[in-house]
Amino acid sequence: MLPAYYSPIRRVWYYALRGIVALVLLFLIFPILVTIPLSFNVEPFFTFTEGMLKLDPEAYSTKWYVEFFLDQKWNIALKNSFYFAFMSTILATVLGTVAAVGLASDRMPFKPLITAILISPMIVPLVIIAAGMYFFYSAIDIVGSDIAIIFAHAILGTPFVVITVTATLAGFDKSLLRASSSLGANPVTTFFHITFPLIRPGVISGALFAFVTSFDEVVLIIFLADPDQRTIPRQMFSGLREQINPTILAAASLLILISILLLFSIEILRRRSESKGMFNNE
Amino acid sequence: MRKLKLGLLVASSLLSANIIAEELTVVSFGGAYGAAQKKHMIDPYIKESGKKILFEDYSGGVAELKAQVESKNVKWDVLDIEYIDVERACSEGMLEVFPQDRLPKGDDGKAAKDDFIPAALSSECAVGNIVWSVIFAHKNNIKTKPKTVADIFDTKKIPGKRAFRKRPQVNLEWALMADGVALKDIYKVLGTEKGVKRAFAKLDTIKKDIVWFDSWSQAPQLLNDGGAVIVQSANGRIYSAIQKDKSDFNIVWDGQIYDLDGWAIPKGSKNKEEAIKFILAATKTKPLAGMQDVAYGPTRKSSESLIAEAVKPQLPSAHLDEGIKASAEFWADNGSELGEKFAAWLIK
Amino acid sequence: MQNTTANDPANHLSLNAEHSLKYHQAIRREKTKALMLVLPLLFFLIVFFITPIGYMLYRSFYNPTVANLAPKTTEILGHWQDLSKLPSEESYKTLSYELKQLQKTRLSGKFAEEVNRRLPRTGSVIKKTARKIKKIELDKVENYQQLLLSIDEKWGKPEIWTGIRAAGDKFTINYYANALDYKLEPSGKLVKQPEEMQVYLPILQRTFMIALIITVLTFLLGYPVAYYLSLIPLKKASVLLIFVLLPFWTSLLVRTTAWIAILQSNGVVNQTLLSLHIIDKPLDIIYNQFSTVLAMTHILLPFMILPLYSVMKGIDPSYVRASQSLGANPFKAFIQVYFPLSLPGLSAGALLVFIIAIGYYITPALLGGVDGQLISNLVAHHMRSTNNWELAAALGSVLLILIIALYWIYDRLVGASNIKL
C-alpha cells in the first residue's frame with residue numbers, strides 16, 4: 001500500500017500517525033460509548049456489573065428509562081428543556097438573521113465594533129453572564145419568569161446564528177438585491193423572495209446551534225430558574241451532586257440520541273448546500 | 001402558513017412550561033428523610049386538603065434562602081431548616097415569624113406549648129419537627145473499628161478516606177473533641193481565636209484524607225461504594241441504609257452532635273397562609289411520630305407513645321450523654337465568619 | 001449563477017455634482033438600512049446582556065446596605081475626626097437606638113454581617129449587643145457608652161467604630177482589594193491579607209495554569225488528528241469527523257457524567273485495573289485536578305481540531321512537496337513550511353480553547369473536588385454559598401477584564417468575524 005520508495009523512518013511515521021489519530025479519536029468517542037450500556041444496568045450503580053460483562057440478559061434492564069419517563073421531575077424538566085430551547089431559538093434566529101443581513105452589507109458603519117459586540121455572548125464566561133443577569137433581572141423583577149430564561153438563552157444563541165448566516169452571505173451576490181429593487185420590489189419582498197431562500201441553510205444551521213445551546217445550558221438555569229423551571233441538564237447537575245443513580249445515565253443516553261440526530265441533520269444541510277452550490281437558486 | 005400557525009399553537013400549548021400549577025413549594029433534604037416526610041407529612045396533607053405540593057430537595061445551609069430573600073425572588077414557601085441555621089436566618093430577617101399560638105393541641109389533649117419540647121419552639125421563626133443527630137459510621141467488615149471521635153483523626157490506626165460534609169459546623173467541634181477538649185467546653189474554646197486555630201490545625205492533620213460532600217444523601221453512598229471508610233452522616237440516613245437496604249453499617253454515637261430541624265417560612269413567601277396551614281398539619285402528633293421511620297425523634301411529647309420499642313435505642317435521645325447539642329447561638333454569631341475561614345482553609 | 005456586476009455604483013456615474021450628491025445619499029441610505037437591520041439585536045443585547053454585566057461591575061464597588069440600615073449612625077460617624085479616640089457619646093446613643101430598631105425588625109444580623117466583612121471578629125459583638133439591647137428601655141439610660149461597654153468591652157476601643165464607619169461607605173474598592181488578596185483597612189490603608197486568607201490570586205494562577213495545560217494538551221492531541229484528516233480524501237475524512245463532531249454536539253453534562261462513570265473509585269478504569277491485578281486498591285483519579293484537566297481536555301478538543309482542520313484543508317500540499325524536492329528532509333519541510341502555514345488555525349483554536357477554559361464552571365464544579373476548583377467556581381461560591389455578592393462581582397470583573405483582553409488579542413490575531421462553525 002505504501003509507496004516502495006518510502007524510507008523506514010517514513011514508514012514508522014506513517015503508522016505512528018495513524019496510531020495516534022486512532023487513539024485520539026477513541027479518546028473522543030469512548031466516554032459517549034460507555035454511557036449507553038451503563039444506562040441499562042439493573043443495579044443502581046454507575047458501574048459495569050459482572051453480569052453485564054458476561055452479557056447476561058438478567059443484568060440489563062430498561063427500568064431507568066421507565067423511571068425517567070414516569071418521574072414527575074424528569075417530565076417537567078424534559079418539557080421545560082424543549083420549551084425554552086424552542087422559544088429562545090425562534091427569538092435568536094429572527095434577531096440574528098436580520099442582524100447578519102445588515103452586518104454583511106459593505107456599508108455597515110462601525111463593523112468591527114458591532115461584530116465584536118454581537119459575538120461577545122460566546123466569549124464572556126457563563127458564570128459572569130449568570131451573575132450579571134441575576135443581579136439585573138432581580139432588580140427589574142423578572143427572575144423566575146419564563147421570559148428571563150428565554151431571553152437569556154436567546155442571547156447565548158444569537159452569535160451562532162449571526163456567524164452561520166454571515167458565512168452564507170459572504171459569497172452572496174448582491175447584484176441580485178439591486179436587480180430586485182430596480183424591478184420595483186420593496187425590501188421586505190426582496191428579503192423573502194431573494195435573500196431568504198439563499199441563506200436558508202445558514203439560518204437553519206444557526207437555528208440548530210441556538211437550539212442545542214439552549215438545550216445544553218445549565219449555568220444560567222442554576223442561577224435564574226425556579227424549581228418548576230428546571231431543565232434536563234439542571235436535573236442532571238443536581239443528580240450528580242447529590243444522588244447519583246442511573247436515571248441520569250438514561251437521560252444522558254437520550255441526549256446522545258438527540259445530538260446524533262442533530263449532527264446528521266446539520267451535516268446533511270451542509271452537504272446539500274455544498275453540493276448544490278450554496279448560491280444557486282433552487 | 002395556516003398549518004404552520006396551527007402547529008406552533010399546538011406545540012406551544014403542549015410545551016407550555018407551567019401546565020401544573022404548583023400551589024406550595026416545600027423543600028427539604030431528600031433521600032430517606034425526604035421519603036419519610038413525603039409519606040407522613042406531604043402526602044397526607046395533599047390528600048386531606050386537595051392542594052398541590054411541589055416537594056423539592058436542597059442541601060441545607062442558609063445561602064440559597066438568603067439569595068432568594070435578598071433578591072426578592074422567593075421561590076420556596078416552606079423549608080426544613082437545621083436549628084444550627086435557624087437562629088441566624090431568623091436574626092437576619094430571612095424567615096417569617098411563625099404564629100406558634102396557632103399550633104393545635106397534642107392528640108392527648110395537651111396544649112401545644114406544653115406538648116412540644118421547649119427547644120422545638122425556641123425560635124420564633126420555626127416549629128421543630130425532628131430531633132436528629134450528626135454521627136459517624138463505618139462498615140462492619142473494617143479491620144479496626146473506630147470507637148471515638150479521636151479515632152476519626154487517627155489515620156495510622158484506621159487508614160483510608162473520611163467523608164465529611166463541606167461546612168465548618170460539626171467538623172470544627174469534632175476537631176476540638178479529638179484534640180482533647182471536654183464536651184462541655186467545646187463552644188467556649190471555639191469562641192476564641194486560639195480555639196479556632198486549634199480546630200483547623202487538628203483538621204489539617206487529616207486534610208488530605210478527607211472527601212467532602214455537599215448533601216447528606218451522599219454519605220451512605222460513599223460508605224457503600226468505597227469512597228470512604230468513615231463517613232459523617234445524619235443518623236437517619238445510616239439507620240435507613242441498615243434497615244431498608246440491609247447495608248452492613250455501624251453507627252458510632254461518640255461525639256454525636258444533636259440538633260433539631262424545623263419547618264419555617266421564607267420571608268416574602270407568596271403563599272404564606274397556605275404555608276402556615278401546611279406546617280400546622282405537618283407538626284401534629286402523628287406525622288411527627290412518623291419520623292421514626294428514619295430514627296429521628298419527635299418534638300412532641302405526645303408522639304412518644306407512638307414510637308416502636310425497637311426504634312427507641314436508635315434515637316439521638318438515647319445517647320445524649322455521649323455528645324452535645326449543636327449551639328444555635330454560637331453558629332448564629334460566628335457562622336458566616338467561620339464559613340469564610342473554612343472556605344479559605346479548604347482551597348488552600 | 002455568475003458573479004458579474006461591478007461592485008461600486010460610482011463606476012457607472014459621471015462625477016458631476018448632482019450625481020455625486022445622489023451617490024452620497026444612496027450610500028447614506030444603505031448605511032442607515034444596514035444599521036436598522038442590526039439595531040434590533042444590538043438593542044436586545046445592550047438591554048439584556050451588556051447592561052446586566054455593567055450592573056455587575058457597578059455592584060462590585062457599590063454597597064449601600066449599612067448606610068441604609070443605620071443611616072443616622074453612618075452620618076454621625078462621618079463627622080468623627082480623630083479615629084484614634086473614641087467617638088462621641090452621641091454616636092453611642094444613636095447606634096443604641098438604631099441597633100434596637102434593627103433587632104426589632106430582625107435586620108441586626110444583616111447589619112452585623114456587613115460590618116464583619118469590613119472588620120472581622122466584630123459581627124458576633126454586634127449581634128450579642130443587639131440581642132441584649134432589645135430588652136433595655138433606652139429612654140431611661142443615662143450613659144450610652146457605659147451601656148454598650150457593659151455588654152462588651154470591645155465598645156471601649158475605637159477599632160470596632162472604625163469598622164462600622166468603613167462599612168457605611170457606599171462606594172468602596174474593598175471588594176477588588178479582597179479579590180486580589182488585599183484588604184482595605186478601615187483606616188484606608190491597603191494591606192496584604194493574612195497568609196491563611198490569601199486564596200484568590202493562587203486560584204487565579206491555578207486557573208491560568210490549568211487553562212494553559214489544557215490548551216497544550218488539545219494542541220498535542222488535536223494537531224495530528226487535524227493533519228491526518230486534511231490528508232485523506234474528503235469522503236473518508238467526513239466519516240472520521242463524526243468522531244470529533246459527535247462529542248462536540250453532545251451535551252456537556254452528558255460528557256461530564258460519562259467521565260464520572262469512568263473515573264470514580266469503582267468506575268470503569270479502576271474496575272479494569274483491579275480485575276487485571278495491576279493495582280490492588282482503587283486509584284484516586286476523580287474529584288481532583290487530574291480529572292478536571294482530563295475531562296476539560298476531552299470537552300474542548302473539538303474546538304481545537306475544527307479550526308485547525310479547516311485551515312489545513314486549504315494548505316496546498318505542493319508547497320511541502322516543493323521544499324522536499326529542493327532537498328529539505330521531510331521533518332524539516334514540515335516544521336519550516338507546513339507548520340507556519342497551519343498557524344492561523346492553531347492560534348484560532350488555541351485562543352478559543354484558552355478563553356473557554358479560563359471561564360469554565362460546570363466540569364470543575366462536578367469533577368474538581370477541592371484542588372480542581374477554578375476562578376469561576378469561586379464566583380459561583382460567593383454568589384450562592386456565602387452570599388458575598390459584591391466580592392463575587394469583583395472577582396467576576398477581574399475575570400471579565402482578563403477575558404476581554406484575550407478576546408481583543410483574538411480579534412487582532414484571528415478576527416472575531418472569522419470564527420467559523
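Is the crossing of helix 6 of chain A and helix 19 of chain C left-handed or right-handed?

Guide: Happy to! This is a predicted model, in which local features need pLDDT of at least 70 and side-chain atom pairs count only at pLDDT 80 or more, while totals for chains, interfaces and linings use all residues. Residues are numbered from 1 along each chain as its sequence is written, with chains lettered from A and ligands numbered from 1 in the order in which they are written.

Now to your spot. Helix 6 of chain A and helix 19 of chain C make a left-handed crossing (the near helix is turned anticlockwise from the far one by less than a right angle; clockwise would be right-handed). Helices here are DSSP runs of H or I with at least four residues, and strands are runs of E with at least two, numbered from the N terminus.

Two packed helices are described by the angle between their axes and the distance between the axes.

(Ala, Val, Leu, Ile, Met, Phe, Trp, Tyr, Cys and Pro count as nonpolar, Asp, Glu, Lys and Arg as charged, and the others, Gly among them, as polar.)

Let's step back to the whole contact of chains A and C. It takes 76 residues from chain A and 77 from chain C, where contact means C-beta atoms, placed from the backbone, within 7 Å. Among the elements of chain A that give two or more residues to this side are helix 4 (72-103), helix 6, helix 9 (187-216) and helix 12 (247-276). Helix 1 of chain A gives the most, 14 residues. By class, the side of chain A that touches chain C has 59 nonpolar, 12 polar and five charged residues.

Chain C also touches chain B: 26 residues of chain B are in contact with 27 of chain C. On the chain B side, helix 3 (63-70), helix 4 (83-91) and helix 14 (328-347) each supply at least two residues, and helix 14 of chain B has the largest share, with 12. That side of chain B divides into 10 nonpolar, seven polar and nine charged residues. Chain B itself has 14 helices and nine strands, and its C-alpha trace spans about 75 × 60 × 40 Å along its principal axes.

One last stop, back in chain A. An automatic or database domain assignment sets the domain bounds, giving domain 1 (8-59) and domain 2 (74-276) in chain A. Their C-alpha centres lie 33 Å apart, and eight residues of domain 1 of chain A are in contact with eight of domain 2. On the domain 1 side, five of these residues are nonpolar, three polar and none charged.

Conventions. Contact = placed C-beta atoms within 7 Å.
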